[in-house]
Amino acid sequence: VRVHYYRKDFRGLIRLVERYLPRVEALGDPRRLSLCLFWLGFSHFFGARLDTATPLLERALELGEALGDEECVGYACMGLAYLYTYRPGDHPRDMADRFGHRGLEIARRRGDVYLASKCLAALGIQRLWAGRIKAAREVHSEIVALGREAGDPRTISLGLWTLGRVEVLEQRYEEAIESAEECLRIAPDSLD
């Protein structure tokens, strides 16, 4: 599943998980099922199928909470933070923020750089869309710092491209170009 994710092959990931989901459910391993549901839901999110992603991510969270498994809860919260950041509707406005912070707390406790960077990115996007440019800059700069501290080019590039969006809105065009160029130089990820 993760190989498909890192290749940005969301269709392949969805096909794989949907094909084997009945077998995973039959194993009676709620941890594995929670993580499969997260990856499946997050892939549907990337395909803008938010109505399909929602129950998958919610079920992943329920299973993780029932187990008391922080990894499952953290990943489901991250997925839900993105979902509620992008989902139109009548849900409470702070749901994305609550899920993002909950996932970030877990990521920090576990030392999970990937989870922390994705939660921070969701929180930064929320601030950006709320017109809180300075707060968005701080969050996206934190992603870059996290990546540099961990020596993780994937996290650095995520932070740089999200920071570049903020710099464009601030009309700091030279800095935005520098962020974009550095991201392109180091990004191991085709999405970035």
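**First stop: two loops**

Select Lys8, which lies in the loop between helix H1 (2-6) and helix H2 (10-27). The model on the screen is a predicted one. The phi angle of Lys8 is near 60°, a positive value in a residue other than glycine. Most residues other than glycine have a negative phi. Is Lys8 buried or exposed? With a relative accessible area of 17%, Lys8 is buried, because buried means under 20% relative accessible area.

Now move to Ala48, in the loop between helix H3 (30-46) and helix H4 (50-67). Ala48 is not a glycine, yet its phi is positive, at about 60°. Its relative accessible area is 63%, and Ala48 is therefore exposed, since the term applies over 50%.

**Second stop: the whole chain**

How many helices and how many strands does the protein chain have? The protein chain contains 10 helices and zero strands. Followed along the sequence, the pattern reads α-α-α-α-α-α-α-α-α-α.

Along the principal axes, the C-alpha atoms fill a box of roughly 55 × 35 × 30 Å. The protein chain has 192 residues, and a compact globule of that length would have a radius of gyration near 16 Å; the value here is 17 Å, which agrees.

Contacts may be considered next. Of those between residues at least 6 apart in sequence, 57% join residues at least 24 apart.

The protein chain exposes about 9,800 Å², of which carbon and sulfur atoms supply 51%. Of the 192 residues, 50% count as buried.

Colour the charged side chains in two colours. There are 28 positive and 29 negative side chains in the protein chain. The centres of these two sets lie 4 Å apart.

**Fourth stop: the cysteines**

Select the cysteines and show their sulfur atoms. A disulfide is a covalent bond between the sulfur atoms of two cysteines. How many disulfides does the structure hold? The number is zero. Cys36, for instance, is in no disulfide, and the nearest cysteine sulfur, that of Cys72, is 9.9 Å away. Cys36 counts as buried, at 15% relative accessibility.

Continue to Cys77. Cys77 is buried, with a relative accessible area of 0%.

Select residues 153-169, which make up helix H9. Within this helix, highlight Thr162. Thr162 has a relative accessible area of 1% and is buried. Which residues does Thr162 touch, not counting residues up to four places away in sequence? They are His140 and Ile143.

Finally, select Ser157, also found in helix H9. Ser157 is buried, with a relative accessible area of 0%. Ser157 and Asp189 are 32 residues apart in sequence, and their C-alpha atoms are 8.3 Å apart in space.

Conventions:
Residues are numbered from 1 along each chain as its sequence is written. This is a predicted model: local features need pLDDT of at least 70, side-chain atom pairs count only at pLDDT 80 or more; totals for chains, interfaces and linings use all residues. Side-chain values use heavy atoms; hydrogens and water are left out. Helices (H or I, at least four residues) and strands (E, at least two) are DSSP runs, numbered from the N terminus. The radius of gyration is taken over C-alpha atoms; the globule rule is 2.2 Å times the number of residues to the power 0.38. Buried means under 20% relative accessible area, exposed over 50%, partly exposed in between (1.4 Å probe, protein chains only). Contact means heavy atoms within 4.5 Å. Accessible areas come from the Shrake-Rupley method with a 1.4 Å probe; for residues, only the protein chains shown count as cover. Lys and Arg count as positive and Asp and Glu as negative; His and the chain ends are not counted. The place of a charge is taken as NZ of Lys, CZ of Arg, CG of Asp or CD of Glu. A disulfide is a pair of cysteine sulfur atoms within 2.5 Å.
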